[in-house]
Amino acid sequence: MKKRTDIWNDIKRTKSCEVLILGGGVNGTCLMRDLALQGISCILVDKDDFTAGASSKSSRMIHGGLRYLENAEFKLVREAVAERNRLLRCAPHFVLPLKTSIPIDSWFGGLIKSPLIFLGLPVSVGGRGALIVKLGLSFYDFITRKHRQTPRHYLLSKDKSLKEIPGLRTDIVCTATYWDAWISQAERLCMEMITESCLENPDCLAINYITVAKSGNDKVSLADQESGEEIAIAPKIVVNATGAWVDMANKTLGVESKFMGGTKGSHLVIDNKELYDAVGDRMVFYEHSDGRICIVFRFMDKIIMGSTDIRIENPDDAECDEAEVDYMMTTLKGVFPGLTISRDDVVFTFCGVRPLPSSGLDYTSRVSRSHRLEVSQPDAERGFRIYSMIGGKLTTFRAFAEQTADKIMAEFGKTRTVSTEERPYLGAREYPADDSAKQGWINRVAGANELAPKRVADLLERYGTEAEKIASEKDAAEHIPLANLPDYSIGEIEYIAENECIRHLSDLARRRSIITVIGKATEAALAELADIVGGVLDWDDRRRKEEVDLALKEANDGK
Ligand SMILES: Cc1cc2nc3c(=O)[nH]c(=O)nc-3n(C[C@H](O)[C@H](O)[C@H](O)COP(=O)(O)OP(=O)(O)OC[C@H]3O[C@@H](n4cnc5c(N)ncnc54)[C@H](O)[C@@H]3O)c2cc1C
């Protein structure tokens, strides 16, 4: 990508586009990629950093949504499973299969409740027994049988389960295990989609930290928060892909809407060796006594657990509060009573808002996770149409973007020329198919660039095959390990600062990398990063210090 100032200058020069996309989460960036591939010019702007919303704050599950079967959302499950399988094929550098185990309390619990939920009748909360889970998983296996990419489910006796998952509650009757998938870096996948859009279509531009407002009949005003400059651009269509902020963003364009009814969800990142060993290579998926689903799984050398589900009015207010930390620690200790886990083990907390459609349901877990498009027609005050993308999931973003792009193309009288269905994401191009091919790739790139194989292996894990660009654009002398983060090199950080539209240090620490998420954003590490990024972006000492403070705040504010 170009430098941020150059992107802003390009927008100032262009001043028009076919589609203006508001929101650089997974839905906005994927829509941009799709439209860019069809030859449609787009400008994508975000009021914050790209992926600052739910897309960097999710549970990272790429799943069919076993739970949605109870709500009879078969179409959603089918679509989600198809998208999960596509992501496993098209983004193997970030999306991997995930074994998932459910501890089960009884054989026959939920036999009445689940059918009632299925029929849409009110039910009390409480656990599901082995029989109903078995039925659900058999059905899940059945509808996922086409193009099967993950093994079938199985039940395991209590004794065997306790051997496999030490420290687990002993009052279970068995566990059920099935497979879904997870995404290691949704944030980087979004950056790949932005980069690909700009590479494939020079008429596409994306920029963060832009404030949007209405400006006259046919125009939208964009204000750059860095320079304070403001310009008006004339899009033919505006797509509101701002997730939980959809109604607020519509209001800035003069449209009153009440599409959204988001809930906040918090997660804990935990550093605890006993828990890490007990969980192993699986996710533990359990229902707390209040009916809330919680998950626990390994993330790099830490554990992520979550989440809560609490209604919230203003998504900007969302943060993980003390009561949520207490709640999550209680559920975790309840499911792993045999382990010593303490609040001091929590190294990071984060909170996002699910962009759920507004709904009268009390029990938020039952609000549909499907998506839809709402159209606000032009009127006397506004000459352009606004498409609002409502709902959706990290799993189904490609399908949602495709459906939106098809509607927009129809409006322009164009037809689709490129399918995104089986198109590999940037870092998945020529991605090695197995461990031996991976080693071959690492040895080749290491040899060609005089780098240690370990350095190349780290880059491959973080950037997929895009790693080769970093390995080759920075010569070996620039790949010096950081004193505080020895897995990262100076050249690698410089590359990100030069190419990925960084405005703040926290963009790099929290969203272009996982440094903050895994609890490694210490003051010393951030100061070292600020010196490298500041060198690229021309920050003086005062700015470097401000950026360190801001990134430290972001590492500790639970947002
Ligand atoms: C706690 C939690 C757990 C989840 N777990 C999962 C999961 O395991 N699996 C799964 O599939 N899905 C999960 N989801 C859902 C998934 O994360 C979201 O559906 C998805 O990320 C939504 O993407 P989006 O692009 O619509 O919104 P977002 O990612 O929220 O992006 C919206 C963007 O719009 C920007 N914006 C806001 N207002 C404006 C404006 N006025 N102008 C310009 N830009 C603006 C924001 O800064 C933000 O970057 C979870 C969500 C949460 C919160």
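Predicted model: local features only at pLDDT ≥ 70, side-chain atom pairs only at ≥ 80, totals over all residues.
**Helix α15**

**After α15: C501**

Next I followed the chain out of α15 to C501. I found C501 in the loop between α15 and α16. Its phi is positive, about 55 degrees, although C501 is not a glycine. Most residues other than glycine have a negative phi. Is C501 buried or exposed? C501 is buried, with a relative accessible area of 2%.

I looked for another positive phi and noted E450, a residue other than glycine with phi near 55 degrees. E450 lies in the loop between α12 and α13. E450 is exposed, at a relative accessible area of 69%. C501, by contrast, is buried.

L451 lies in that loop as well, between α12 (435–449) and α13. I asked why L451 counts as buried. Its relative accessibility is 10%, and buried means under 20%, so L451 counts as buried. I listed its contacts, leaving aside neighbours within four places in sequence. They are A446, V456, A471, A476 and H479. I also took a C-alpha distance from L451 to D475. The two are 24 residues apart along the chain, and their C-alpha atoms are separated by 8.7 Å.

**α16 against α18**

I turned to helix α16 (residues 505–512) and helix α18 (residues 541–556). Their axes come within 8 Å and cross at roughly 35 degrees. From α16, the contact uses L505, S506, R510 and R511. From α18, it uses E547, V548, A551 and E554. I sorted these residues by class and got 3 nonpolar, 1 polar and 4 charged.

**Nonpolar cores**

Which residues of the largest nonpolar core touch the most other members? I found I493, L505, L526, L529 and V533, out of 70 residues in that core. Neighbours within four places aside, L529 is in contact with L482, L485, I493, L505, L508 and I515. In soluble globular proteins, nonpolar side chains tend to be buried together.

**Ligand**

How many residues surround the ligand? I counted 36, and the closest are N27, D46, S55, M61 and T395. I then went through pairs of polar atoms. A polar backbone atom of M61 is 2.7 Å from a nitrogen atom of the ligand. For S59, a polar backbone atom is 3.1 Å from a ligand nitrogen. On the oxygen side, a ligand oxygen atom is 3.0 Å from a polar backbone atom of G392.

**A cis peptide**

Last, I checked omega at G306 and S307. The peptide bond joining them is cis, with omega about -5 degrees. Most peptide bonds are trans. S307 lies in the loop between β14 (302–306) and β15 (310–311).

Definitions and conventions
Residues numbered from 1 in each chain as written. Heavy atoms only, no water. Axes fitted to C-alpha atoms, helices over the stretch in contact; angles between N-to-C directions. Helix = DSSP H or I, 4+ residues; strand = E, 2+ residues; numbered from the N terminus. Contact = heavy atoms within 4.5 Å. Nonpolar A, V, L, I, M, F, W, Y, C, P; charged D, E, K, R; others polar. Core = buried A, V, L, I, M, F, W, Y, C linked by side-chain atoms within 4.5 Å. Buried < 20%, exposed > 50% of the residue type's maximum accessible area, 1.4 Å probe, protein only. Near = heavy atom within 4 Å. Polar contact = N/O pair within 3.5 Å; in protein donor to acceptor, adjacent residues only side chain to side chain.
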